[in-house]
Amino acid sequence: MPYVIGDELPHLPAGERFRALLERPQILQMPGAHLGIAALLAKKAGFEALYLSGAAMSATMGLPDLGMITIEDVCFHVRQVARASMLPTLVDGDTGYGEALNVMHMVRCFEDAGAGAVQLEDQNLPKKCGHLNDKKLASADEFAAKVAAARKARRHLYIIARTDAVASEGMDAAVDRAKRYLDAGADAIFPEALTTREMFIEFAKRMPGVKLLANMTEFGRTPFFTAQEFQDFGYSMVIWPVSHLRIANKAMEGLYNQIKAEGGTHNAIGRMQTRAELYETIGYHKYEELDASLVKTVIPTGMPQRS
């Protein structure tokens, strides 16, 4: 129970554990998980790292993904995901919440909250989902300065620079930007919103030896590819950033409509996680046992114990 027991915490910081996962030959698969319970379910399914999406955090707060959330909003999610699962987590840092000094503050906050990696994107505010139109790009110089600031601020955090330039400036410009960001200190590159198999392959061929991240979001510009296909294209990481939220939202919408129409949840029981399944996922009985063992150790023999 690393959420409360210090001796169960990993010895290596999250950034080093994230980097170690990328040293393996197989692609690192990271589903979105922006809540502690989602992180536990993903870990139970066998995933070894997670992605914390700005769009998922914003939507959970009832907000659009337009750069409206704050560093502290994000750290609230990072802390619960990291402490619940202890899996190294890649966190969406949007545009860095300001200029170079703000980026450095963000890096320090994310590391302290338990993040393993951060993704920064070369858009200007108001930023948009990478699969939408009319994105406004920062200059390569401006964004390279942010990457350099992140590198200077980090102790172990893995830095991934995202470029949205392909859609508006073309492949050559995106590759040039990526090289600038690597020179500035990025550990890996995330080319956003590529639209064909050929584009993924071309970008990878023009970035030999570079760790690359692919975004397999639904309802966007990228067609569906499997993790194995992305690995064959030359990518080291793949994320499914908002898939879990889409599934959960659809299920909640259906439940609310059903309660309204039928006056209860009696016909929805078969779609629910049971109480026993929930308790097993969150370790309810282990926490009870821990609590009881601690009380027993501090109450003298013969004195009444609290119920």
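I began with the pairing of strand 5 (residues 158-163) and strand 6 (residues 188-191): they run parallel and are joined by four bridges. For pairing I required at least two DSSP bridges between the strands. Helices (H or I, at least four residues) and strands (E, at least two) are DSSP runs, numbered from the N terminus.

A note on the source: this is a predicted model, where local features need pLDDT of at least 70, side-chain atom pairs count only at pLDDT 80 or more, and totals for chains, interfaces and linings use all residues. Residues are numbered from 1 along each chain as its sequence is written, and side-chain values use heavy atoms, leaving out hydrogens and water.

Next I looked up partners across the strands. Pro191 of strand 6 stands opposite Thr163. On to strand 7 (residues 211-215): two bridges join this strand to strand 6, again running parallel, and Leu212 stands opposite Ile189.

Which way do the residues of strand 6 point? Ala188 and Phe190 go one way, Ile189 and Pro191 the other, and all are buried. Buried means under 20% relative accessible area, exposed over 50%, partly exposed in between (1.4 Å probe, protein chains only).

Then I followed the chain into helix 9 (residues 197-205). Strand 6, helix 9 and strand 7 make a right-handed β-α-β unit; with the strands pointing away from the viewer, the path from the first strand over the helix to the second runs clockwise.

Helix 9 buries Met199, Phe200, Phe203 and Ala204. They lie on the same side of helix 9 because they cover an arc of only 130° around the axis, taken from the directions from the helix axis to the C-beta atoms. Exposed Glu198 and Lys205 sit on the face turned away from that buried side.
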